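Work through the exercises below with the sequence and the model at hand. Each task is followed by a solution in steps.

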Amino acid sequence: MKKEKAVVVFSGGQDSTTCLFWAMKHFSEVEAVTFDYNQRHSLEIDCARNIAKELDIPHHVLDMSLLNQLAPNALTRSDIAVAEGEEGELPSTFVPGRNLLFLSFAGVLASQIGAKHIVTGVCETDFSGYPDCRDVFIKSLNVTLNLSMDQSFVIDTPLMWLNKEETWEMADQLGAFDFVREKTLTCYNGIIADGCGECPACKLRKKGLDDYVIRRQVNL
């Protein structure tokens, strides 16, 4: 464990909760930050708050409602259907500027609480085509944050090159498999744990879970 402090960008979902457990293992101090941008389900914030409380992690909830005004999409509007992108288009769940703003504000928070590390669950393997989940974006923003505040932040992306099956494996290795499965919210329809089973997020989560469970049983 590094004797350093980390802030985890935390939504209460599978990926960010796995990252929270990863950070707890790797750093001596960990805090979490959740962004309220009037997302489709306020339950997401409640879920994040409950997880942080159970794990005894200091938790910040920051108001980012302006993002809702600027970027109408399926995650901020109930009248916009959740749909995967077709013919090279971005999915309706893409929120323009979300990770740019979230990580920038996480950097400001990190500077205030003395955290060197900013941990985020973005992933280029199962990233639904979101451009702000790519490794090149993270590296670019890392440089920008450091220059803008004259800091030496490190943006850690433990899941960057993992698919969902491997993310479940990481949770298991961290001793958090059941916790992540039962207490996180990934579903676009706001259903905790295994979710609705129909939305793109649930299908991706379930496929990864099923693949990992089969592989784990074979290796027993």
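The chain has eight helices and five strands. The model is a predicted one.

**Exercise 1. Find the residues with the most contacts inside the largest nonpolar core, and list the contacts of Val 119.**

Solution. The largest nonpolar core has 61 residues. Those with the most contacts inside it are Val 8, Leu 20, Ile 118 and Val 119. Next, set aside the neighbours of Val 119 within four places in sequence. Val 119 is then in contact with Ala 6, Val 7, Val 8 and Val 9, with Cys 19, Trp 22, Ala 23 and Phe 27, and with Asp 156 and Pro 158. In soluble globular proteins, nonpolar side chains tend to be buried together.

**Exercise 2. Describe how helix α6 packs against helix α8.**

Solution. Start with the axes: those of α6 (residues 164–173) and α8 (residues 200–219) come within 7 Å and cross at roughly 60 degrees. Sorted by class, the contact has four nonpolar, one polar and eight charged residues.

**Exercise 3. Which residues does Glu 182 touch beyond four places in sequence?**

Solution. Glu 182 is located in helix α7 (residues 177–183). Leaving out residues up to four places away, Glu 182 touches Ile 192 and Ala 193. Ile 192 is ten residues from Glu 182 in sequence, and the C-alpha atoms of the two are 7.4 Å apart. Ala 193 belongs to the loop between α7 and α8. Although not a glycine, Ala 193 has a positive phi of about 70 degrees.

**Exercise 4. Is Asp 56 buried or exposed?**

Solution. Locate Asp 56 in the loop between α2 (43–54) and β3 (59–63). Its relative accessible area is 66%, so Asp 56 is exposed, the cut-off being over 50%. Asp 56 also has a positive phi, about 60 degrees, without being a glycine.

How values were computed:
Residues numbered from 1 in each chain as written. Predicted model: local features only at pLDDT ≥ 70, side-chain atom pairs only at ≥ 80, totals over all residues. Heavy atoms only, no water. Core = buried A, V, L, I, M, F, W, Y, C linked by side-chain atoms within 4.5 Å. Buried < 20%, exposed > 50% of the residue type's maximum accessible area, 1.4 Å probe, protein only. Contact = heavy atoms within 4.5 Å. Axes fitted to C-alpha atoms, helices over the stretch in contact; angles between N-to-C directions. Helix = DSSP H or I, 4+ residues; strand = E, 2+ residues; numbered from the N terminus. Nonpolar A, V, L, I, M, F, W, Y, C, P; charged D, E, K, R; others polar.
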